[in-house]
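Here is a friendly briefing to read with the fold open beside you. Take the topics one at a time and look for each part as you go.

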Amino acid sequence: MKLLILSDLHANLPALEAVWEKERDSDAIVCAGDLVDWGFFPREVVQWCQAHGVLAVAGNHDHDICNAWGAWKRDGTLPEGTFCAQNLLQLTEREIAYLRALPETRLEQLDGVTCYLKHYYNADEENRNALLERWCRYESLAAFEENWPSGAEGNGMRLLITGHSHQSWIYHVCREDYFVNPGSISYRVCSDSRAKNTDYAVLQDGELRLRHAAYDHRVFIPLLEHSGLNEQVKTAARYHLLEDLPVEAG
């Protein structure tokens, strides 16, 4: 089995298509949340996930869009000049219904591999950060078991898959247990000085690896110019989507 592990798509269809161009022989796809917001193609990304049977969980941006949709339809409130407004104007009831139906967590058995997905944000993010700290203190096994869902034994390889941070890692806890964040296919976080990457992970023939895909970011130049986003959002989007920063030494 070949498993494609994604997170934080953020309505970035060009990046998603670049990943799929490299990994279209995948047998299954999982996503640790944030399908929409902070990108230009929310409807297309949701439809892509539906068409490809992606096993996804909800992220905070998915919740934000659904909540904003409710307010917009209830009293006409639209957060002008934001990616949220830009996304709302493209989405339909069908895509919103899909986003609303995404579970907070997901446990999947895929060809002998047990995957537990959770986006981890707000209070949950503190648990994830504590897990990371305990991994560094060689307490990873206990931390892994405490975060693994109660009663879900899982035979063979177990993957605890998170999103939200936009930073990618694979930690081998012990035996066949792994703590995985594939990173974001869309953009880096403000604290990350590395050059842009489309980051994801692949499990193939029992081997788990981080991978990257390249695509032409210049597609966003005219989209930003004619987007209707306010200047503060445009500045942030240029940083996230267009500017190349040097890779830190070491």
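Strands S4 and S5 run antiparallel and are joined by 6 bridges; two strands pair if DSSP finds at least two bridges between them. Helices (H or I, at least four residues) and strands (E, at least two) are DSSP runs, numbered from the N terminus. This is a predicted model, in which local features need pLDDT of at least 70 and side-chain atom pairs count only at pLDDT 80 or more, while totals for chains, interfaces and linings use all residues. Residues are numbered from 1 along each chain as its sequence is written, and side-chain values use heavy atoms, with hydrogens and water left out.

**The sheet that holds S4 and S5**

- Gln 109 has Thr 114 in S5 as its bridge partner.
- The hairpin of S4 and S5 has 2 residues between the strands, and Asp 111 takes a positive phi near 50° there.
- The whole sheet is open, with 5 strands in the order S4-S5-S6-S8-S7 and mixed pairing.
- Strand S4 (105-110) and strand S7 (168-174) are at the edges with a single partner strand each, so one side of each is left without a neighbour in the sheet.
- From one strand to the next, the twist averages 15°; angles run from 0 to 180 degrees between N-to-C directions, and axes are lines fitted to C-alpha atoms, for helices over the stretch in contact.
- Strand S5 (residues 113-118) and strand S6 (residues 158-162) run parallel and are joined by 5 bridges.
- Opposite Tyr 116 stands Leu 160 in S6.

**The other open sheet**

- Here the order of the 5 strands is S3-S2-S1-S9-S10, again in an open sheet with mixed pairing.
- Its edge strands, strand S3 (55-56) and strand S10 (207-213), each pair on one side only.
- Strand S9 (residues 198-204) runs antiparallel to S10, with 7 bridges joining them.
- Gln 204 has Glu 207 in S10 as its bridge partner.
- Helix H1 lies across strand S1 (2-6), strand S2 (28-31), S9 and S10, and runs at about 165° to S1.

**How the helices meet**

- The axes of H1 and H2 come within 9 Å and cross at roughly 30°.
- H1 and H2 are therefore roughly parallel to each other (angles under 35 degrees count as roughly parallel, over 145 as roughly antiparallel, 65 to 115 as roughly perpendicular and the rest as oblique).
- Leu 13, Leu 16 and Trp 20 in H1 meet Glu 44, Val 45 and Trp 48 in H2; contact means heavy atoms within 4.5 Å.
- Helix H2 (residues 42-51) and helix H5 (residues 93-101) have axes that come within 10 Å and cross at roughly 60°.
- H2 and H5 are therefore oblique to each other.
- From H2, Arg 43, Val 46, Gln 47, Cys 49 and Gln 50 make the contact, and from H5, Arg 94, Glu 95, Tyr 98 and Leu 99 do.

**What lies inside**

- Which residues have the most contacts inside the largest nonpolar core? They are Leu 6, Leu 35 and Leu 99, in a core of 49 residues.
- A nonpolar core is a set of buried Ala, Val, Leu, Ile, Met, Phe, Trp, Tyr and Cys residues joined through side-chain atoms within 4.5 Å.
- Helix H1 (residues 13-23) gives the most to this core, with 6 residues.
- Another core lies apart from it and has 19 residues, including Ala 28, Leu 159, Val 180 and Ala 201.
- Beyond its neighbours within four places in sequence, Leu 35 is in contact with several residues, among them Leu 9, Val 45, Ala 56 and Leu 102.
- In soluble globular proteins, nonpolar side chains tend to be buried together.

**Residues to look up**

- Ala 11 is in the loop between S1 and H1, and its phi is near 55°, a positive value in a residue other than glycine.
- At 0% relative accessibility, Ala 11 counts as buried (under 20% relative accessible area, with exposed over 50% and partly exposed in between, using a 1.4 Å probe and protein chains only).
- Asn 12 is found in the loop between S1 and H1, and counts as buried at 1% relative accessibility.
- Not counting residues up to four places away in sequence, Asn 12 touches Val 45, Ile 185, Ser 186, Tyr 215, Phe 220 and Leu 241.
- Lys 22, in helix H1, counts as partly exposed at 46% relative accessibility.
- Lys 22 and His 212 are 190 residues apart in sequence and 9.5 Å apart in space, C-alpha to C-alpha.
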